[in-house]
Amino acid sequence: ESAEEKSDSVKIAGYESQLFEISRREDSLVLTIEKEYPKYHQLKYKSDIVSVQEIQDRLDENTTILEFFVADATAVFVYVVSKDQLKIEKINTTGLNSQLEQFKKAIVDKDTPLFKDLSHSLYQALVNPVKNNITGDKLIIVPDDMLWGLNFELLCVQKDVSNNPMDFSYLLKEYE
């Protein structure tokens, strides 16, 4: 109504009154939920930000978190969080999107030689640069953006000679 050329101030006042009443009822409902269902209220309305220290306090000595943040088509940042350290690495990822699409296609097409090459290439690009910062034998991987569709567990940690997928050096064989 406000955007109209000739706005009706009575309608606007009515709408504002209705909006105020709805807002008041919503506040009342939230208070009722808070009293009657405190656990639900806490889950829905409490959004604390967890600090790195709090995350580290919950990790055991054998677990490392790799959190990927895709900055743009040419760079990915990897946050490596373990019980005692926090490292941030910038990785050059030019052509990563194309590699990811080819990797998915190789899986669907059951193209073992292409899968093997891309699997190792993606490992070299994404995990190997931070490998020395990984402690323990458990990995929690938090992907971002285009990496959501990547099966990290299928990445090969070395160039495999065999063409038998059962013999490949999958990341899953090194880390839980």
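Guide: First, a term: buried means under 20% relative accessible area, exposed over 50%, and partly exposed in between (1.4 Å probe, protein chains only). This is a predicted model: local features need pLDDT of at least 70, side-chain atom pairs count only at pLDDT 80 or more, and totals for chains, interfaces and linings use all residues. Residues are numbered from 1 along each chain as its sequence is written, and side-chain values use heavy atoms, with hydrogens and water left out.

Visitor: Is Glu 21 buried, partly exposed or exposed?
Guide: Glu 21 lies in helix H1, as does Arg 24. Helices here are DSSP runs (H or I, at least four residues) and strands likewise (E, at least two), numbered from the N terminus. The relative accessibility of Glu 21 is 29%, so Glu 21 counts as partly exposed.

Visitor: What N to O distance joins Glu 21 and Arg 24?
Guide: The two are three residues apart, about one turn of the helix. Arg 24 is partly exposed, at 45% relative accessibility. A salt bridge needs a side-chain nitrogen of Lys or Arg within 4 Å of a carboxyl oxygen of Asp or Glu. The side chains of Glu 21 and Arg 24 form one, at 2.7 Å.

Visitor: In which helix do Lys 104 and Glu 101 both lie?
Guide: Their side chains meet in a salt bridge, 3.9 Å from N to O. Lys 104 is partly exposed at 34% relative accessibility, and Glu 101 is partly exposed at 47%. The two are three residues apart, about one turn, in helix H4.

Visitor: How many residues apart in sequence are the parts that Glu 174 and Lys 131 tie together?
Guide: Glu 174 and Lys 131 form a salt bridge of 3.4 Å, N to O. Glu 174 belongs to helix H6 (residues 171-174), while Lys 131 sits in the loop between H5 and strand E4 (138-142), so the pair ties together parts whose separation in sequence is 43 residues.

Visitor: Where is Lys 110, which has a positive phi?
Guide: Most residues other than glycine have a negative phi. Lys 110 is not a glycine, yet its phi is about 55°. Lys 110 is exposed, with a relative accessible area of 72%. Its place is the loop between H4 and H5.

Visitor: What is the phi of Asp 145?
Guide: Asp 145 is found in the loop between E4 and H6. Asp 145 is partly exposed, with a relative accessible area of 48%. Asp 145 is not a glycine, but its phi is positive, about 50°.

Visitor: In which strand is Tyr 79 placed?
Guide: Tyr 79 is partly exposed, at 30% relative accessibility. Its place is in strand E2.
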